[in-house]
Amino acid sequence: MKALNTMKLQFEGRSVNEGFSRTAVAAFLAQLDPTVEEVSDVKTAVSEAVTNCIVHAYRDSLGIVYITAGILPDNRVVIKIRDKGCGIPDVKKAMEPLFTTAPEEERAGLGFAVMESLMDRVKVTSQEGKGTTVVLTRKIRGKEAGV
C-alpha cells in the first residue's frame with residue numbers, strides 16, 4: 001500500500017535528541033487528528049526505540065539515528081527507526097521482558113515490551129556489526145471515531 005505522506009529524519013545519537021524525535025513524529029502524526037492517548041502511545045514507543053539506538057547500538061561511539069514515517073490510506077502510521085550500530089545477536093532474546101545488555105546502567109530491559117504494548121505491530125531486524133531496524137505500526141482511529 002502506497003503511503004499518502006512520508007517524512008525522514010536523521011540526527012546524532014545523543015540523549016538530548018530523544019525528545020526531538022518524539023516531538024517530530026508527534027507533529028507528523030497530527031495530520032490524522034489522533035487522540036491524546038494515541039499520540040502519547042506513539043511518542044513513548046518512538047522514545048523507547050530511539051533510546052535503544054543511543055544506549056545500546058552506539059554504546060561506545062556517536063552514531064546516527066534514522067527515522068522514516070509514512071501514513072497509509074487506512075490511517076495506519078508506519079515508523080521505522082534504524083541505526084548502523086553493533087546490531088543485536090539474538091533478536092528473540094532481546095525482545096524478552098527484563099532482558100538487557102546494560103545492567104550496569106540499571107536498564108530495566110522493558111523497551112521492546114513497552115513498544116509491543118503500545119503499537120499494533122513491532123518488527124525488529126538486526127545484523128551484528130551492521131545495525132538494527134525497528135518498525136512500529138499503529139492504526140490511528142482519531143477523534144472522529146469517538147475513541
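Author: The model is predicted, and local features need pLDDT of at least 70, side-chain atom pairs count only at pLDDT 80 or more, while totals for chains, interfaces and linings use all residues. Residues are numbered from 1 along each chain as its sequence is written, and side-chain values use heavy atoms, with hydrogens and water left out.

Reader: Why is Glu18 called buried?

Author: Buried means under 20% relative accessible area, exposed over 50%, and partly exposed in between, with a 1.4 Å probe and protein chains only. Glu18 has 18% relative accessibility, and therefore counts as buried. Glu18 is placed in helix 1; helices (H or I, at least four residues) and strands (E, at least two) are DSSP runs, numbered from the N terminus.

Reader: Which residues does Glu18 touch?

Author: Contact means heavy atoms within 4.5 Å. Leaving aside residues up to four places away in sequence, Glu18 touches Ser47, Val50, Thr51 and Ile54. The C-alpha atoms of Glu18 and Glu48 are separated by 8.9 Å, although these residues are 30 apart along the chain.

Reader: What makes strand 4 and strand 5 a pair?

Author: Two strands pair if DSSP finds at least two bridges between them. Here 7 bridges join strand 4 to strand 5 (residues 131-139), and the two run antiparallel.

Reader: What is the order of the strands in the open sheet?

Author: The 5 strands have the order 1-2-3-5-4, with antiparallel pairing. Strand 1 (5-12) and strand 4 (121-127) are the edge strands, as each pairs on one side only.

Reader: How does helix 1 run relative to strand 1?

Author: Axes are lines fitted to C-alpha atoms, for helices over the stretch in contact, and angles run from 0 to 180 degrees between N-to-C directions. On that basis, helix 1 (residues 17-29) runs at about 170° to strand 1.

Reader: Why are the buried residues of helix 4 said to line one face?

Author: In helix 4 (residues 111-118), Gly111, Phe112, Met115 and Leu118 are buried. Viewed down the axis of helix 4, they fall within an arc of 135°, so they line one face of the helix. The arc is that of the directions from the helix axis to the C-beta atoms.
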